[in-house]
Amino acid sequence: MSTFLTLDGNEAAARMAYLCNEIIAIYPITPSSNMGEWADEWASQKRPNLWGTVPRIIEMQSEGGAAGALHGALTSGALATSFTASQGLLLYLPNLYKLAGELTPFVLHVAARAVATHALSIFGDHSDVMACRPTGCALLCSGSVQEAQDFALAAQAATLAGRLPVIHFFDGFRTSHEVAKIEAVELDTVRAMIDDGQVMAHRARALSPEHPVLRGTSQNPDVFFQSRERVNPVYETFPGAMQAAFDRFGELTGRRYRLFDYVGAADAERVLVLMGSGGQTALETVAHLAARGEQVGVLRVRLYRPWSGADFLAALPAATRDVAVLDRTKEPGADGEPLYKDVLATLAQAAADGRAMPRVIGGRYGLASKEFTPAMVKAVFDELAKPLPRRQFTVGILDDVSHLSLDWDPDFRTEAARNLQHAVFWGLGADGTVSANKNSIKIIGETTPLHAQGYFVYDSKKSGAVTASHLRFGPEPIRSTYLIEADMADFVACHQTIFLERYDMLAHARPGGVFLLNTPDPAERVWHSLPEATRVQIQTKGLQLWVIDAYGVAAEAGMGRRINTIMQTCFFAISGILPREQAITAIKQAVEKTYGRKSKRLTELNFRAIDLALEHLHEIAIPAQAETREAMAWIPAPTGLTEIPGFVRDITLPIHYGRGDLLPVSAMPLDGTWPLGTARYEKRNIALEIPVWDENLCTQCGKCVLVCPHSAIRARVFDAGLSRDAPPTFKHVPARSKDFPAGTRMSYQVAPEDCTGCRDCVEACPIHDKSNVSRRAVNMAPLTHELRLAERENFAFFLALPEFDREAVKHTTIPGSALLDPLFEFSGACAGCGETPYIRLATQLFGDRMLIANATGCSSIYGGNLPATPYTTNAEGRGPAWSNSLFEDNAEFGLGMRLAADKLMDHARRLAKAMASEIGGDLVTELVEADQRDEAGIRAQRRRVAVLLDRLAALKHPRARELASVAEWLIRRSVWIIGGDGWAYDIGYGGLDHVLALPYDVNILVLDTEVYSNTGGQTSKATPIGAVAKFSAGGKPTAKKDLGRLASSYGHVYVANVAYGAKDTQTLRVFHEAESYEGPSLIVAYSPCIAHGVDMQYNLRQQGMAVQSGHWPLFRFDPRVGETGANPWKLDCTAPGLPIRDFMQSETRFAMLSRSHPEDAERFLAAAQQAAEERFAAYKALAEAPPTRMAPPSASDPETPRSDT
Amino acid sequence: MTDLSTDYLGLGLRNPLVPSASPLSRHLDSALRLEDAGAAALVMYSLFEEELDAEAAMADRFLVNGHLGHGEADGFLPGHGDFTSGLDRYLEQLRRLKERLEIPVVASLNGVSPSGWVELGKELQQAGADALELNVYHVAADGDQPAETVETRYLGLLTALRQTVSLPIVMKLSPYFSSLPHFVRQLEQAGARGVALFNRFFQPDIDLESLRVENRLTLSRSDEALLRITWIAILHGRTRLTLAATGGVHGPQEAIKLLLAGADVVHMASCLLQHGPQRLTDILRGLERWMMEKEYDSVAQLKGSMSQQHLPDPTVLARANYLHVLDSYSFASGVRC
């Protein structure tokens, strides 16, 4: 009797990996992180492996570190494994060569993902594993959740038997994150698959002083070559070892696999060859076509390396006349992708031996999880049937540049798909739609004989992310590894009314299907509240429309704003997938399982929500159609913006509205370069409440602007005359500052459709109404339709007002800096993000001259994830120029920017001096000697450069043109190196340290969330003692690295710890000081994060507590002060006055430890208290010590003689 | 030898001094020290309904539903498989105390809603509690709620708990009942075995700098014992319920006065938190010394000897008392004006 599990591919693979290993070295990278997280969680629960011990989980500082640790563990006799993807896998490469060269048995599980090229992508393809072909590792590909589990075990058995390391890979997201019902591999099976004799043989080969050997020698030309050839027999026998493992597995479980699995007509003439999850879709399509008499088949490659040509030929039907090989990777410049060429070579060799040579064509599909559907499979077969098929092709895109793409019939559906039940749910990231759907799949998978599949599509935003859940149910195993297609969904749910404006969600609905809408509108008014296109679709398709006010029900049930249980109940009540009563009982059982004895109250609240949901669910009568109408083309709602650039209209907004798949190749920039300032066109309208300015209470302090994570509240002073055409509700009052001429007006304006409703501005407001302390100078108000329209108009007017003369504004005060236009706006960061205010502030102060190197992480995702680009330009078209290289090399990347800027400035200076007689000696002197430390100096230099360019334009000789081409570099660049603590403390620390050790003028901003935020909260070396984080489930036992103090030890580095929520004036001062310092500057910025387990409306409070408790002391170290003979250390906070317990207990990351490991929590609390006191004492001692002259700073390029400047 | 024994909820105690709910019972060491210092029983720290709810809400918000719905991060904190609830920890501590202490252990529930208390009571009984103290912490701030509704809430909780728990139950009350003796009678009818007078509410304070309200719990002062003396004296002899005095006991004097007024046991917490378990020994010795000096043979003899019923002028504890206090500021009859 089989046991069934409902889980995703990552968990399925991790289960086997955990059981079969003793040491697991991990490092987070999407989409493989979950495998390591599962292993860590099981280890924290003391779950044993096959040999009764708990595997040791060790997080390293990078994949390179994990690879090294693995190599050491394996060569010393342990069974070890890891999980990775993409760039992480590339960091394994050097060790993979070593591990294979030393014939080391181990399995590396890879959720295969695109390698960053013109852009980073977290989605699935085989470009990463293809980079491993030369390493000598075996490459084994599974194509489904079931196979991810089964092959993980078979790989372990084969590696022990065959001694080659195995890279077991499956498609990132499509398999790693697909939830499916699978047959479990039981412990007995694992036991039977793993041969302890081979395990002992592995241990016997371990390095041991009891029988010492030498490994890792250095070899010379005389023997290296022969040594490489010595391993050939192992590669010849490994396919046999793999097949033997498959055969043994088949005997034990009944699930039989071959190295090359062929399915289709025995006399197939046209055969598709591919590997990975696409094989499932191909199987489904082949079954459909073969049932209609077509002689087609699919050959799925399981063991890709070592390549076994004989097994391939044996699997390929003899009648095959045409072969299409599909690769999920791109090797630019090659005359075919890797699998295609392997197949071609094998067939050519066989043809030379007398076998008939079929025609072989090769195509690319599915890069970065691009959809691969039955229609596309059919298109490939159709191409094969042509007299002259394209030898090289792509499928899944419209290529109007190289014209390689195949056309496909978007209406083609397989019989298997038509026999399934489909449901699509549109939700907001944080509204629990995805988790509720995972729960629903489990309910159906575990309580019925039905098979179930769930796949979840996320957008790139963190605040207000849109999720689409695609669920399938059916009596047979589900092979549809593609999204639910148009007109196929029996059930569509819209969990957020606002989505009706943005997405064509009813395109999925099948005629006669059910549409469930969460809307606050009363049932009798719902119909007329729907967009016209939606009404027409409902009528044309004959849909049933059901509505519920889920937020209203949640409030009534005491559930706050959590609607997932309510919407899940509605789904079961009206979808008909399960009998209603059975489904409701199952939901309640799931609730009890979740909350049970932990909280009777929450169980009761959820039960009440379930009951209320059923009471408040209404079917809406659909009015008869007034006339027969064709389905309307779905058109997104207007954004309220009148001037939309062509690029935004044609590229950005279609991507935003979910139609990026339809963009042709020609629409894409050639080299991955995109324009700035497109985030402002999204108008996501995700806030339920927005701040409203009370102009009468306001003292114009600017704090609300400073703390806004999304630049959605702004300040402007302007001449009174400009207010003549203001909209009627536009608020403005006399500017209070004496810095401005009499009559100057002041306005604080909210961007209503860009605000995320985080409340941080309200929390920051220091003003209280004298008669009612709860009222501030900004107050949250529900974002009604009327308020939205009025403030939209006001904001448009506000944006049209010119920025006040920047030279007349005090940049060094909070109210003054608030008046500077942000050149970073409306990013996709979380509501209340603690990082983004720092970036926005930097762009306000220096944005028109910034070059930004951004490490991969949260800041690169909200900073540069398409389609929105939050970095923007000022009225002159200037703004931050931004790029992301990698996670690990950001400091070096930024240093390169500095070197280029310095070198080109130097070149321009030399040219200018050489042409002094032609362009004017005074101008050249001024250009070369300009003091550009502040904005006034830079503006003056811009004017000089303009004059220079004018004069050069009149000169015709080549040197003039050359100088003109580099003249802009005469204007000082402000180079910023930005990243999170994962980069700065861990993977990039070596580079960071090196850049700090050099004298170059770079500004390094470390956004310290004390955890890997982007990948989901894994421990970094910035994680404080006692904090619970992923990979530190029992609380981090060691202290946080003191990055600032380490950097200050160089003496020539400007260093500061800042926390704007605790002391905003210090933050502002630090940014000015750091930027003006002509050497390396390091700002370590405390950045509260949702990963701390605090709602981000308390972001500022938490910063305050962090400083008051001594967790985050504020200080500055300015070498310039040291140069004057004074002490460069300056403490900017008082001694800890708040017990660190109070701070730690206010955040779930600490507080949960006292629930799970109370004794440890107490121990860590005591240690944290002591560390805070000692750290403050140490800082105080440094700040009060007699000054000693530090190493003199030098920003000059050591290669550039001083006299040149 | 003076007989200090007393009866509390049907439990025979060696003396009337019982530490009330405080953090001292969170740690086995301090509980053992209290027993060594002479405590006759121990009321455990309160299992706060709000604390359990807040803990569950935290887990729900950040562990169960902590996702952003972003492709790279399902959630931000590790799985919560080993996350134990406050209830689990409380039960574990109760078991540990019962294993090591010889004196009775009273579990204390502090809450306001019926949610989960009945099941909770059963679990506490199974874990070995000798009695339950039910502290219905309810600030009657709702203008639509008549006093009767407030009383009904207490009675309803008690009745529900009574049906599933065979342990003696003591109701810890606030001083804000309009007709305390009548209410106590109703509690008796509903199955309570005792009342503890009175609980002390958290008193919100205002921070003049931030203009924010801050919750504070200040330690009791000895003058707070006077309110307890009054009502214990009034209730003694009018109810069969055990009377526990709680609040304001800092030295032997308050303890003795409360016993004279009619308390069966005298609770203390603030003085123990301030001075440690040794203070309990000091009070016990002071009580013994006083009784010996006054030639009392037993606490039973002492208890209630100055209750309202036994006072020569019972009105001194009623409104007339107010007049007498005023009178005390008038000139003595022998003084010439």
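Predicted model: local features only at pLDDT ≥ 70, side-chain atom pairs only at ≥ 80, totals over all residues.
The size of an interface is often given as the accessible area lost when the parts come together. Here, the area buried between chain B and chain A is about 4200 Å², and carbon and sulfur atoms give 54% of it. Three residues stand out on the chain B side: B:L68, B:E72 and B:F76 supply 17% of the area that chain B buries against chain A, more than any other three residues. Counted by residue, the contact draws 59 residues from chain A and 43 residues from chain B.

Polar and charged pairs also link the two chains. Between chain B and chain A, 8 residue pairs are in polar contact, and 3 salt bridges are found across the interface. One of these salt bridges joins B:R61 to A:D1095, with the closest N and O atoms 2.6 Å apart. As for secondary structure, helix 2 (49-64), helix 3 (86-100) and helix 4 (117-126) of chain B each supply at least two residues of the side that touches chain A. Helix 2 of chain B gives the largest share of that side, with 11 residues.

B:L208 counts as exposed because its relative accessibility is 72%, and the cut-off for exposed is over 50%.

Methods: Residues numbered from 1 in each chain as written. Chains lettered and ligands numbered in written order. Heavy atoms only, no water. Buried < 20%, exposed > 50% of the residue type's maximum accessible area, 1.4 Å probe, protein only. Contact = heavy atoms within 4.5 Å. Buried area = accessible area lost by both parts, 1.4 Å probe. Salt bridge = Lys/Arg side-chain N within 4 Å of Asp/Glu carboxyl O. Polar contact = N/O pair within 3.5 Å; in protein donor to acceptor, adjacent residues only side chain to side chain. Helix = DSSP H or I, 4+ residues; strand = E, 2+ residues; numbered from the N terminus.
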